[in-house]
Amino acid sequence: MINGRILEERKNEYPKPRDVDKKLKETIAPCRWLSERGRYTLSLEAGLLNNDSFEEYNMLGNGYDWETVVRAFLEDNMAQLGGIP
């Protein structure tokens with residue numbers, strides 16, 4: 001068990017890998033960015049909106065409505081991106 005003990009003692013000697021997406025994640029908050037081996041996901045924290053939020057604007061809360069919400073957020077908060085298609 002000596003090798004296991006040495007491994008445990010030494011694993012904290014090396015720095016943890018840096019988060020290469022940290023700047024992106026900070027820039028797109030409250031959206032979340034996840035990436036792993038060629039797969040990428042952009043999501044908006046669902047807790048921010050509920051059915052009442054959609055009903056207030058006569059929306060159903062489907063994918064089209066979520067797209068509208070995200071586009072509005074980007075247009076309001078991400079002007080530095082240059083424009084949303």
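## Aromatic pairs

A search of this whole predicted model turns up two aromatic pairs. One of them joins W33 and Y40. Their rings are stacked, with 5.6 Å from centre to centre and 25° between the planes. W33 is partly exposed, at 22% relative accessible area. Y40 is exposed, at 56%.

F54 and W66 also pair, but edge-to-face. Why that label? The planes of F54 and W66 stand at 65°, and an angle over 60 degrees counts as edge-to-face. The ring centres are 5.2 Å apart.

## What the F54 and W66 pair links

Where do F54 and W66 lie? F54 is in helix 3, residues 51-56, and W66 is in helix 4, residues 63-77. The pair therefore ties together parts that are twelve residues apart in sequence.

F54 has 6% relative accessibility, so F54 counts as buried. The cut-off for buried is under 20%. W66 has 24% relative accessibility and counts as partly exposed.

## The hairpin

Strand 1 covers residues 31-36. Strand 2 covers residues 39-44. The two strands run antiparallel, and six bridges join them. Together they form a hairpin with two residues between the strands.

Which residues does T41 touch, leaving aside its neighbours within four places in sequence? The contacts are R32, W33 and L34. At 39% relative accessibility, T41 counts as partly exposed.

## Two positive phi values

Most residues other than glycine have a negative phi. R37 is not glycine, yet its phi is positive, near 35°. R37 lies in the loop between strand 1 and strand 2, in the turn of the hairpin. Is R37 buried or exposed? R37 is exposed, with a relative accessible area of 88%.

N58 is not glycine either, and its phi is positive, near 55°. What does N58 sit between? N58 is in the loop between helix 3 and helix 4. Those helices hold F54 and W66. N58 is exposed, with a relative accessible area of 75%.

Technical notes
Residues are numbered from 1 along each chain as its sequence is written. This is a predicted model: local features need pLDDT of at least 70, side-chain atom pairs count only at pLDDT 80 or more; totals for chains, interfaces and linings use all residues. Side-chain values use heavy atoms; hydrogens and water are left out. Helices (H or I, at least four residues) and strands (E, at least two) are DSSP runs, numbered from the N terminus. Buried means under 20% relative accessible area, exposed over 50%, partly exposed in between (1.4 Å probe, protein chains only). Contact means heavy atoms within 4.5 Å. Two strands pair if DSSP finds at least two bridges between them. Rings of Phe, Tyr and Trp (its six-membered ring) pair if their centres lie within 6.5 Å; planes under 30 degrees apart count as stacked, over 60 as edge-to-face and the rest as tilted.
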